[in-house]
Every structure is written in structure tokens, then in C-alpha cells.
Amino acid sequence: MREGHNNVIYRQDYLPPPFWIDSVDLTFDLDPAKTRVLNKMRVRRNPDVPPQALRLDGEELNLARVLVNGQGTSFKMEDHTLVLENLPEGNDPFELEIFTTCAPAKNTKLMGLYVSNESFFTQCEAEGFRRITYFLDRPDVMASYTVTLRGDKTKYPVMLSNGNLVEQGELDDDRHFAKWVDPFRKPSYLFALVAGQLVCREQRIVSRSGKEHLLQVYVRAGDLDKTEHAMNSLMHSVAWDEARFNLPLDLERFMIVATSDFNMGAMENKGLNIFNTKYVLASQATATDVDFANIESVVGHEYFHNWTGNRVTCRDWFQLSLKEGLTVFRDQEFSQDLAGEASARAVKRIEDVRVLRSAQFPEDAGPMAHPVRPDQYLEINNFYTVTVYEKGAEVVRMQQTLVGREGFAKGMALYFQRHDGHAVTCDDFAQAIADANPESPLAQKLEQFKRWYSQAGTPRVRAEGRFDEASGTYTLTLSQSCAPTPGQATKLPFVIPIAYGLVAADGREVASGMHVLTEASETLTFNGLQAAPVPSLLRGFSAPVILDHDYTDERLLTLLAHDTDPFNRWEAAQRLATARALKAIRGGGEVELDAPFVEAMRTVLRHPTLDAAFKELVLTLPGETYIAEQLETVDPQRVHVVREAMKEQLAQQLFADFEQAYEQNKDTGAYRPDPVSSGRRALAGLALAHLCLAARQSGDTVWPGKAYQRFKDAGNMTDRFNALTALVTSGHPLAAEALQRFHAMFKDEALVIDKWFALQASAPDRGGNVLPVVKQLMSHPDFNIRNPNRARSVIFSYCSGNPGGFHRADAAGYVFWSERVMELDSMNPQVAARLARALDRWKKLAEPLRTAAREAIARVAAKPDLSNDVREVVTRALA
Ligand code: PHE
Ligand code: ZN
């Protein structure tokens, strides 16, 4: 049936629930075709709300029975909603019993209860619980859960739910049961169950308080050898949250379960986190350093939700960043703290900022721009965005910057003291941080600071410096502005913490500090300087803004050589590279890298003390999406060609330096995914890619040969995949053979096969060769569009990860995109809507791409029975 057409939901319309559900007792008879769900709730009227009918959410359920206090009752259906009008009066609790069935095997949306590899899994955030039973499926209704699972003993030997296992036993017909009680009240989106043939790695730990806990990681039988890193990451997470925020593990038992069919990365269900296998399984043979690092941060992220999200949850879904922004901030801090040394912390910071600027800044400048706390949505699934997550994390980080690290920990303590066990808002969070630090600039400017939650768009800060020789005075004028975004024509000034330093031409630091910019324009004055300094602004990326300053090459080279802030050192190199890319793109497309730039890159590459990881970041040119954002109109193919040409020139001119970097870093000893050896592998990989690229022009066969040899001999997936990538991206004939071998070697490792697909779909386009490859890949026997990881590895890698190959002048990429969006929409709207966003920035495209893109979007928009998810994305894009 077609969903309602205009069901936009507004934050301002929030009303407390008319009923509370104090407890839920669920019994499941698990059967893939028809699972029976008995739901017994204790319900009472909310005395603060005028008496009204109880309206329970439900979706794709078969309703068999409704009883109130054990008696049949009248009810009606309004669309998907079960409406009960004749409920007992007064405020006493009553028992409501609802019996329904659902069909997990037919659940292709992967929301609610579904089957994957013959096992049962659930996904309830945001609104999946209503696909399991009728309920007040909103986060401010928190209940105590008791769950009984019943199922076949052989097919479902393991049956898990939230909390503690309190009873289990045999039933007739080769069935058994398990009864779970969650000691904490929770919103329905944190409910979970898992049942299937799973095995687990176990670990007992004793927390600081002396309590014992059982940690478990559940996977399919063949995958047990790939769970050690996830378990270590979990143990580190527990210890870190105790040490840094005094937040202990509050459960006797904490479980992680991996599934290969999952829409997102992972889910923080209370005591029973469910993960995409991608963020659990790792061995040195099958996972890269990046995979290891992602696992650490996602395991941390979900674990940290146990406090920030679960103990204190969101009042409504507009407050999503309350838990997500805060928890991303926490996982970023966790990874930095584990990385240890200052230089490794800086590398992590640079990587996080790179994600923010290449994904969130474009979102904030496009049709889907929304505040960190959105004001409206049609489909909440569309708001699990880089803005809510990554920009939200920056907004929390700025609060820490404004109150200091200790002040922030105090603020967190106050937040839990006030709100533990409750469903609250972003305002409540900021208020707690400010109240714990009454003297801080945050407290003094709290109302203004909160514009970061309410105003969308990336602010720009323009910095202008003037040096007066006679008086030795340097004045720095900082002005802020923010472009309009959909529904927000004008913006008021933000509170922008700007960490800065002034660097003399010889590299000495002559001043440093933190300025909190609150007005539209402010001027800082520095006295007693001998010469004009070079300003190093926004150190550590102290605010999520675009910094405009007319840097000369000379000044950027000074910063690259001398800045004490590693972030701005890297940033200086990025600015130098971006300027060269933009000049070539705006000109005829010719690239001619100048000697000072090349020499600066050489100096970094040969630097005796800089970390390999940092060198790799500096030598990696800004991404195509980032470069495209700096342009008014974009021809993505030209951006691609220019960036490739820059890479080739660096490869040729730094050939000997890359050779040296490769030789020095290629052997990292016994595999450990730590920051230092990962950094060395990353630099060796980058060097090898450049050496193969240089060979492409020169016809040299030595380096491609070495890459192929390394591909065969490598002792870990990072080195092996880097070698394969070097062959594929340089377009060498050996690539085909290597790809074939790789597939044969790893044909039973789904996550590795995902990499194999993704590498081919995101390969540099040469004369339009990628789309035909992508189409071929889609008819490969291993391809399956219903598996989100596989769909992402082929379709998303091409449409979102390969601008040069996707934005074809003949529009064939767009046709392919529109067909895939519509195909996916009929089975998994959430995944389809993410793909739909690949053309978000169509208005920036140069003709004829722009017109072709609009037509493709319009074709999708015209499809009958489009999901709310995709409709929201394409309607906004066309507006
Ligand atoms: N809450 C999850 C997280 O960020 C993300 C998620 C959202 C997963 C919706 C599934 C569905 O940790
Ligand atoms: Zn999260």
C-alpha cells in the first residue's frame, strides 16, 4: 500500500506521550515464514496529558488478538495505527495484550525482525520495533523488558536478547526456550534479539569497582579466528570510559553479534550490540589496517552509546545528535587516546577532518542541508547523516574546547547526574556542560553557541592581516558569514573558537592562543613584532568552518616547514595542492607543477623525523570531492584528469624519493595494526602506487613487476591490497591477472570479495572504461543486490566513490544510477535513499551534465510507489 504523501514531521509539534508503557513481556515463537509475537504490556495514562485514545504504531504486522486486562476489546485501524478508544479510565495501570505474526524471511528492508544466513536478527532504530509488535514506538517511552524466545534447538541453538539470561530449558518438538530480563528501562529502538547457529569468543573482565563482567563476541562458526581484535577493542573501550569519564560498564553481560546483512555499521542495542561483519571480523590475512582501525572505533562507538544514548536517550528523533554527535566525539577521542603520542593523535584528527570536509561540507551546501538538530523530516532514516554525526561531534568538541578537558568531564558528570534514565534534548546537554563551567565562554555565550544546533550551513571565516612596520603592530581581522540553506535565508553569528599562532618567517612562533569569535567581525592586535608574521589559524581545526585567507605560496611553505601545529602543517600542503588543482581546472586543464611545490613535497617525503603516517597524509592530494566543492561549476571528469595528472607528475619528479620511501617502509615486521607500523605500510603503499604510475609513462616494467611480486608474497592484507591497488590504479596489464588470483584466493571471504568489487568499481576511469566493468560485476555470480555490503561495494563505489567514471558526458552513469535507485527502493528503501544522494550536488555540475542529472532525478521522482525515504531525497534535490 502507498504510504501517506505529505507526512512531514516537525520538531515544534513534539508532545509528550499520552500513555506510558512501564513494562513489556514479549514471547517469540521463531519461524522464518511466520513468527508469532505475544506482547503483554503494563500501560497507564500519562496524568500530564488530557485523556485520549491510545494509538499504537505497527507496520507489516498481522494482528490476531487484542486483550485489555484479559478481556476482548474494541479497536480500529487507522492506516497502520492500532487505535484503542475504550480503555479503563483513571490513572491505574492496565494490562494490554497483543498477539501478532510477522514474516521475517520476507523482510528485505532489514528493519524489524529479519533473517540473514538462516539466523534471526533485529534492527529497531529508528522505527523498526513497530515491525515486530504494536507499540508506542518513540524514544521517550521507556519500559522494562522481559523476553522469552522459543525456537528449534538445532537451527537456533543460540537465542539472545537484552540483559541477563534468567532461565532456559527444553520444550517439546525439539524446541527450546531462553528467557532474558533487561535490568534497565529502555526505549523500544534499543530492543534486540538474535537466534541462530553462532559461536562466541568470551572474555571475563573485572572492572575498577571490582565487579565481574562477561564479554562475548558472536559470529558464524568459521569466523571465530577473526574476533580477537574486536574483543580487544571492547576491553579497551570499557577501560577507557572508566578512566576518562568515570563511566563503568553497568551490565553483567555485554554481547556483540555480527551479521553480514546490515543496513548500517552497527547498532547499540542495550547489552546486545548488533554489528555489520565489516566492523567485527579482522585477521591480518583478510583485513587492512584501515579495517582494524574502523573496528576499534565502531566497537568503541557502540560501547560508548551504553551511557550516551542508552542510559540517557533522546526525547525525540530530532535530538538524534544528542547521542550520535556526542558518541562520535567520544569514539574519536578514544581512538586518539589509544593512538598515544601527539603525532599519532594529530594523524587521527586529520583523518576525521578529511571526512568532515569531503562529506559533511558538501551536504551542508546542498539540498539536504539541515541543522545538527533538524526541524523537520519526512523519513527519519534520511537523517542519519554526516551532519548529525560528524558535524555534531565537532559541536561537542567545541564545547570541550570552550570549557577545557577537565571542565568537559565535569559537565558530563553533571549531565548524567541530572538526566540518567531519561529522554532529553540537545539543549539539556549543552546546559549541563555550561552549568558545570559557569565562568567559561560557553556559559557566557550559551544561547548564541546553540546556533550550532539550529542553523545549518558551514560558516566561513575570513581572516585579513595587516602589519604596520613603524609600530611593529599586526592586526588580524576575523569576519564570519554563512550562506543560506534550504528554509534558512539568513544566519546569525556563531560562537567560533579559533586556535591560532603567529609564526615568523624563520619559523619561530611569536604568539599563540585561542580567540572566541562571536561578532560578525572582530579585530585582534599584536604588538612588538619585528616583521610581518604568518598566521596559523584554526589550529587542530578548532571549529567546523571554512577559513578564507589570502595565503601566498611563500607563507604556506613557511607553515608547512615550521608550524608547531601538525594539523596546520598538513593543511598548508593541502592548500598548496588545492590551489594548483584549481588553477589547472580553471585553465585549460594543463598541469605543470612548479619546483617550489615539488621540492616542498620532497622535503616532507625525505624528512628525517616526521612520522610515515603524516607523510602519507601530506603526499595524498586533496580528494576529487573536496576539490569540486571549491568550484562554482564542476566538470568531475576534468577534476579527475587534473588530479591524476598532478599525481603522475609527482610520481615522475619524486621517483627516487618514492623509491626510498618504499624501501625504508616496506618491511614492518610481525603484523600489528598499531599507528606506527600502519603509517609505514600506508606510506609504502602510496609510494608503490606512485612508482607504478610513473612506470605507466616510462614503460618501465620493474616496479609493476615488484608490485605483482609483493601482491603474491605479502604477509598481510594491507600490503597485498595496496600492491593490487597500485596495479589496478596504474592500469597495468598485470592487474587483470592479479585480480583473478585475488578472487580465487579469497572467494570464501565475503568482506574481501567486497574489496575486490569495490576496487574495480572505483578504479580511475580511462576513456569511460569503468561503467562497462561495473555492469559486468553486477552479473558476476558473487553479486547480490540484496546484500547491502555487496550493493555498496559495486554500486555506491561507482556512483558515489568514482566521480570521474560516474559523471559521463553521455549520461550513461546517471541512467545506471536511476535504475539502481528504483531497483533498490522496492526492496530496501533505506539503502536506496543513500544511493539517491549521489546526485545531491547536481546543480553545481557543468552542462550538459547538469541537465542530464536533473532528468535522471526527475525519472526517479516520477516512479509510482516510491518510498518516503527516496521521495524525500529526490524532492529536495529538485526543489
Ligand atoms: N545508532 C547506530 C550508531 O550510530 C546507527 C544505526 C542507525 C544503525 C539506524 C542502524 C539503524 O551507532
Ligand atoms: Zn551511534
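Which residues touch the most other members of the largest nonpolar core?

Residues are numbered from 1 along each chain as its sequence is written, while chains are lettered from A and ligands numbered from 1 in the order in which they are written.

Confidence next. The pLDDT is the predictor's confidence in each residue, from 0 to 100. The chain averages 98, and 99% of the residues score at least 70. Residues 1-5 fall below 50, and beyond near neighbours in sequence this stretch has three contacts in the model. A contact means C-beta atoms, placed from the backbone, within 7 Å. Where pLDDT is low, the predicted coordinates should not be read in detail. For the complex, the predictor gives an ipTM of 0.99 and a pTM of 0.99.

Back to the core. The answer is Val194, Val257, Val280, Leu688, Cys692, Leu727 and Leu835, out of 263 residues. Helix α18, residues 675-698, gives the largest share of this core, 12 residues. Helices here are DSSP runs (H or I, at least four residues), strands are E runs of at least two, and both are numbered from the N terminus. A nonpolar core is a set of buried Ala, Val, Leu, Ile, Met, Phe, Trp, Tyr and Cys residues joined through C-beta atoms within 7 Å. Buried means 20 or more other C-beta atoms within 10 Å of a residue's own, again placed from the backbone.

Take Leu727. Leaving aside neighbours within four places in sequence, Leu727 is in contact with residues including Cys692, Pro704, Phe711 and Leu734.

Now helix α7, residues 426-435. Cys426, Phe429, Ala430, Ala432, Ile433 and Ala434 are buried there. Their cover includes α3, α5, α6, α8, α9 and α10.

On to ligand 1. The residues around ligand 1 include Gln123, Glu125, His301, Glu302, His305, Glu324 and Tyr384. To count, a residue's C-beta atom, placed from the backbone, lies within 6 Å. Helix α2 supplies the largest share of that shell, three residues. Strand β21 and α2 each give at least two.

How values were computed: This is a predicted model: local features need pLDDT of at least 70, side-chain atom pairs count only at pLDDT 80 or more; totals for chains, interfaces and linings use all residues. Two residues are in contact if their C-beta atoms, placed from the backbone, lie within 7 Å. A residue is buried if 20 or more other C-beta atoms lie within 10 Å of its own, exposed if 12 or fewer, and partly exposed in between; C-beta atoms are placed from the backbone.
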